[in-house]
Amino acid sequence: MTELFGLHPNFFNADSSIILLLRLSLNLLFTFIVVFLIYVRRYGKNEYVFTYVMFNLITFTLCFLLRQVPIELGFALGLFAVFGILRYRTESIQINELTYLFVVIGIGILNAVVNDKISLGEVLIVNASITGLAAFLVYSSLGNNNLQLSVIYDDLQGLRTKDENALIADLSNRTGLEIDKIKIVEIDLLRDVAEIQIFYRKNWAGS
């Protein structure tokens, strides 16, 4: 039956299946750390959780299976680079969130293509380095700890004064956020409102 699908004649290969499960578990462990313990906790939202996890899982499984057939690894890497560049062109995504996408793709490729020339310790060190450095940059003062939020502002008169400090003070008072800077995205004269991107800091001591 398996020959009809062009598959290995053995329906179940215990050794290969165990290797697959162990590598998949390791891959999902570090992906869980990046997605849930860093990304979700950092931004307080789960908008891209499905995207990150599924991109990682698909990347891992395809690379793991393709490495056992005569195909150039460069082709596989190029395929997922295209996916990353496209990044669902129908919707804009922030550069930091795009970085998380490349991180989970990289983790998936790493854990899928390693061979017997690379020790388990080396694999763990690389995975831990990626996740550890990501967490360090997110939670330390060295990283960019500004969060972004789009708001609709209804005081165009305040915009006309071009007093950025007064505008930041007004937005901080309305939202209760510690705003560092703002960016005017669009002004709608028909509705007499403006879309403003605000950059604010999260109080990690209170999280």
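Visitor: Leaving aside its neighbours within four places in sequence, which residues is Asn27 in contact with?

Guide: Asn56, Phe60, Ile107, Gly108 and Asn111. Contact here means heavy atoms within 4.5 Å. Please keep in mind that this is a predicted model, in which local features need pLDDT of at least 70 and side-chain atom pairs count only at pLDDT 80 or more, while totals for chains, interfaces and linings use all residues. Residues are numbered from 1 along each chain as its sequence is written, and side-chain values use heavy atoms, with hydrogens and water left out.

Visitor: Does Asn27 count as buried or exposed, and what makes it so?

Guide: The cut-offs for relative accessible area are under 20% for buried, over 50% for exposed, and in between for partly exposed (1.4 Å probe, protein chains only). Asn27 has 0% relative accessibility, so it is buried. You will find Asn27 in helix H1, residues 14-43. Helices (H or I, at least four residues) and strands (E, at least two) are DSSP runs, numbered from the N terminus.

Visitor: What is Met54 called on that scale, and why?

Guide: Met54 counts as partly exposed, because its relative accessibility is 31%. This residue sits in helix H2, which spans residues 49-66.

Visitor: And how is Asp192 classed, and why?

Guide: Asp192 has a relative accessible area of 40%, so it is partly exposed as well. Look for Asp192 in the loop joining strand S2 (178-188) to strand S3 (193-201). Its phi is near 60°, a positive value in a residue other than glycine.

Visitor: How do the axes of H1 and H5 cross?

Guide: They come within 10 Å and cross at roughly 0°, with H5 covering residues 120-139. H1 is therefore called roughly parallel to H5. For such labels, angles under 35 degrees are roughly parallel, over 145 roughly antiparallel, 65 to 115 roughly perpendicular, and the rest oblique. The axes are lines fitted to C-alpha atoms, for helices over the stretch in contact, and angles run from 0 to 180 degrees between N-to-C directions.

Visitor: Which residues make that contact between H1 and H5?

Guide: On the H1 side they include Leu26, Phe30, Ile33 and Arg42, and on the H5 side they include Val123, Asn127, Ala135 and Tyr139.

Visitor: How many helices and strands does the protein chain have?

Guide: Seven helices and three strands, in the order α-α-α-α-α-β-α-α-β-β from the N terminus. Of its 207 residues, 33% count as buried. Among contacts between residues at least 6 apart in sequence, 63% join residues at least 24 apart.
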